[in-house]
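Work through the exercises below with the sequence and the model side by side. Each task is followed by a solution that goes step by step.

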Amino acid sequence: MPDDNLSSQYYSAIAIEHFQNPRNVGEIVDSDVEGQVVNPVCGDEVKFFFRLRKNKDAQERVIESVSFQASGCPATIATSSIATEMLIGLSLSEASQLTRLDYAEAVGGLPKSKQHCSVLAEAVVQQAVTNLRLKDQSSMKETT
Ligand code: FES
């Protein structure tokens, strides 16, 4: 498929750079919450690890650090990489408002046949938010 070619004919310079030098790769061993999603069609998979901190005056915890592991196409790697940079400092509510279009735009757009790949970055954040809510609910139950 021509779009798997990393040519600048298909991918922006930003996307190519993030694919070749992905940021924040790996596992945060003591993460507070994780998200993991798989594209059932192609099998591409991403896992994000979040460490959160509570600011004194903040209502909500904010993302202190985030890392990812991915097995997937260049568009998946590039959008996951740039997503980790965009997410740092946001609350999870703010993070969950970012859409695949924000991530695709941040890497300078994606080839038409690869636009769906940015869905994984959006979905993995939603998954982490859901996981954090479940975790908070179960810890509240344990303390009552
Ligand atoms: Fe599967 Fe990119 S080809 S998400």
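## Ile 14 and its surroundings

Task 1: find which residues are in contact with Ile 14, leaving aside its neighbours within four places in sequence.

Solution. Leaving aside those neighbours, Ile 14 is in contact with Val 107 and Gly 108, where contact means that the C-beta atoms, placed from the backbone, lie within 7 Å. The model is a predicted one, in which local features need pLDDT of at least 70 and side-chain atom pairs count only at pLDDT 80 or more, whereas totals for chains, interfaces and linings use all residues. Residues are numbered from 1 along each chain as its sequence is written. Then count its neighbours: Ile 14 is partly exposed because it has 14 C-beta neighbours inside 10 Å; a residue is buried with 20 or more other C-beta atoms within 10 Å of its own, exposed with 12 or fewer, and partly exposed in between, with C-beta atoms placed from the backbone. Finally, look along the chain: Ile 82 is 68 residues away from Ile 14, and their C-alpha atoms are separated by 9.3 Å.

## Helix H2

Task 2: determine how H1 and H2 pack, and at what angle.

Solution. On the H1 side the contact is made by Ala 15, His 18 and Phe 19, and on the H2 side by Pro 74, Ile 77, Ala 78, Ser 81 and Ile 82.

Task 3: check the span of H2 against 1.5 Å a residue, and explain why H2 counts as largely enclosed by the rest of the structure.

Solution. The expected span of a helix is 1.5 Å times one less than its number of residues, so the 14 residues of H2 should span 20 Å, which agrees with the 20 Å between its end C-alpha atoms. As for burial, 12 of the 14 residues of H2 are buried, so the helix is largely enclosed by the rest of the structure. Ala 83, which lies in H2, is one of the buried residues, because 29 other C-beta atoms lie within 10 Å. Not counting residues up to four places away in sequence, Ala 83 touches Tyr 103 and Ala 121. Just after H2, Gly 89 takes a positive phi of about 95 degrees.

## Sheet and core

Task 4: work out in which order the strands of the open sheet stand.

Solution. The sheet has 3 strands in the order E1-E2-E3 with antiparallel pairing, where two strands pair if DSSP finds at least two bridges between them. E1 and E3 stand at the edges with a single partner strand each, so one side of each is left without a neighbour in the sheet. From one strand to the next the twist averages 20 degrees. H2 packs on this sheet, touching E2 and E3, and its direction makes about 170 degrees with that of E3. Between E1 and E2 there are 6 bridges, and the bridge partners in E2 include Val 46 for Val 37 and Phe 50 for Val 33. E1 and E2 form a hairpin with 6 residues between them, and Gly 43 in the turn has a positive phi of about 85 degrees.

Task 5: identify which residues of the largest nonpolar core touch the most other members.

Solution. Among the 33 residues of this core, those touching the most other members are Val 46, Phe 48, Phe 50, Ala 78, Tyr 103, Val 107 and Val 124; a nonpolar core is a set of buried Ala, Val, Leu, Ile, Met, Phe, Trp, Tyr and Cys residues joined through C-beta atoms within 7 Å. H2 gives the most to the core, with 6 residues.

Methods. Two residues are in contact if their C-beta atoms, placed from the backbone, lie within 7 Å. Helices (H or I, at least four residues) and strands (E, at least two) are DSSP runs, numbered from the N terminus. Axes are lines fitted to C-alpha atoms, for helices over the stretch in contact, and angles run from 0 to 180 degrees between N-to-C directions.
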